[in-house]
Amino acid sequence: MSKKYEKIGETVFSKVDKINAELFTLTYGALVTQLIKDYEDIEQVNIKLEQMGYNIGVRLIEEFLAKSGIGRCNDFVETAEVISKIGFKMFLGVTAQISEWDQDKKEFHLIIEDNPLIDFVELPEHLKHKLYYSNILCGVIRGALEMVQMKVKCTFVKCALSDESSSEIKVVLEEVLSDLAPVGYD
Amino acid sequence: MIITSCRNINVDDRDENLAFAVNVKVMAIYSLYILNKAGTLIFQNDYVGSVEKLSHNAYISLGSMFHGLHAIASNLSPTGSSSGIETIETEAFKLQCFQTHTGMKFYTISDPNHPNLDEILHNIYELYTDYVLKNPFYELEMSIRCDLFDDKLNRLLKGTTAD
């Protein structure tokens, strides 16, 4: 199944406009450091990043749907594959791995081995295990899925910048908002 | 690429208005409506000069009414869920609707013989994602007032190429 999505991901990626990755990484870095200056409290920075991501996600989903041509997913397993193989590919140019499904298939971990946001970044000791540098991604996933009637909770469980092996986001499906689904999609 | 295929329409038995429209190389899409997921009209524009203008409120109520009809149509289905209204055809025009997975609706009023509305609606959706949603000052769910979006739509629907 995931091969099929990888292929779609490649195709969509080849079609979308690209920008310089370094500019992107540096801009994001400037944004995070400015937030740290403004808020001082690191927990607040994590929350703000997540909120910014959410605002991006609710818009980005439309572009994703329009340009990938993906239809409605049958189950959350398919959703996970689509996010990791098409969504990440389309917007970040990398794919993510899925692991650690729970029994009900409502919770999985997204492992991002090659996160473009953290190129060049070295967290100072006092921020390690406190700042989730790429927390914006959690917000993007939450915002995007909310627009297709899935309420999820995303949290960083591992961060490569805090001396852990890779970046890992836990995604938990809390509920499917079926009463908000557009007609014809029950 | 879309535009060329639309110039092939058969103009023999069109009424005067349309013959006029084709003469001036206007594509036979009369109007475009965009509804947000709550069914509120967030965009409406006419692309052929001969279309009679209505009041602003009339467009809003037409949009909401279509939203309601769409929901009713979907509930009428005898065999479980249906997609709601996709096309309405009459002698004088055809309405074609495209609903996104997020619940927005894009619909065009066009010539009944227009050949590839599906593709055009999809292109309009892509323009919306590029030129409306990426404008940081556009507030979601609100009326669309984006000049770039208007320009691109004019190019797509009127077939004018400015460059």
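Tutor: A definition comes first: a polar contact is a pair of N or O atoms within 3.5 Å, where, within protein, one atom must be able to donate a hydrogen and the other to accept it, and residues adjacent in sequence count only if both atoms are side-chain atoms. The model is a predicted one, in which local features need pLDDT of at least 70 and side-chain atom pairs count only at pLDDT 80 or more, while totals for chains, interfaces and linings use all residues. Residues are numbered from 1 along each chain as its sequence is written, chains are lettered from A and ligands numbered from 1 in the order in which they are written, and side-chain values use heavy atoms, with hydrogens and water left out.

The part to examine is A:Tyr28, which belongs to helix 2 (residues 21–39) of chain A. Helices (H or I, at least four residues) and strands (E, at least two) are DSSP runs, numbered from the N terminus. A polar atom of the A:Tyr28 side chain lies 2.7 Å from the backbone oxygen of A:Tyr133. Is A:Tyr28 buried or exposed? Its relative accessible area is 7%, so A:Tyr28 is buried; the word means under 20% relative accessible area, with exposed over 50% and partly exposed in between (1.4 Å probe, protein chains only). Contact, in turn, means heavy atoms within 4.5 Å. With neighbours within four places in sequence left aside, A:Tyr28 is in contact with A:Leu49, A:Leu117, A:Tyr133, A:Ser134, A:Asn135 and A:Ile136. A:Phe76, by contrast, is 48 residues from A:Tyr28 in sequence and 30 Å from it in space, C-alpha to C-alpha.

Charged pairs elsewhere in chain A come next. A salt bridge is a side-chain nitrogen of Lys or Arg within 4 Å of a carboxyl oxygen of Asp or Glu, and the structure holds 12 of them over all chains. One joins the side chains of A:Glu125 and A:Lys128 at 3.2 Å, N to O. A:Glu125 is exposed, at 61% relative accessible area, whereas A:Lys128, at 15%, counts as buried. Another salt bridge links A:Glu174 with A:Lys151, whose closest N and O atoms are 3.4 Å apart. Because A:Glu174 lies in strand 4 (residues 167–176) and A:Lys151 in strand 3 (residues 150–158) of chain A, this pair ties together parts that are 23 residues apart in sequence. A:Glu174 is partly exposed at 44%, and A:Lys151 is partly exposed at 35%.

Chain A also meets chain B. The contact takes 19 residues from chain A and 27 residues from chain B. The area buried between the chains is about 1800 Å², with carbon and sulfur atoms giving 55% of that area; buried area is the accessible area (1.4 Å probe) that two parts lose on being put together, summed over both. Of the area that chain B buries against chain A, B:His101, B:Thr102 and B:Leu133 supply 35%, more than any other three residues.

Two salt bridges are counted between the chains. In one of them, the side chains of A:Lys67 and B:Asp130 meet at 2.7 Å, N to O. B:Asp130 also forms a salt bridge with B:Lys134, at 3.0 Å. B:Asp130 is partly exposed at 23%, and B:Lys134 is partly exposed at 46%. A:Glu63, A:Lys67, B:Asp130 and B:Lys134 are linked in a network of salt bridges.

Nine residue pairs, both residues at pLDDT 80 or more, are in polar contact between chain B and chain A. On the side of chain B that touches chain A, the elements giving two or more residues are helix 3 (56–76) and helix 4 (117–132) of chain B. Helix 4 of chain B gives the most, with seven residues. The residues on that side divide into nine nonpolar, 13 polar and five charged, where Ala, Val, Leu, Ile, Met, Phe, Trp, Tyr, Cys and Pro count as nonpolar, Asp, Glu, Lys and Arg as charged, and the others, Gly among them, as polar.

Chain B as a whole has five helices and five strands, which run α-α-β-β-α-β-β-β-α-α from the N terminus on. Buried residues make up 45% of its 163 residues.
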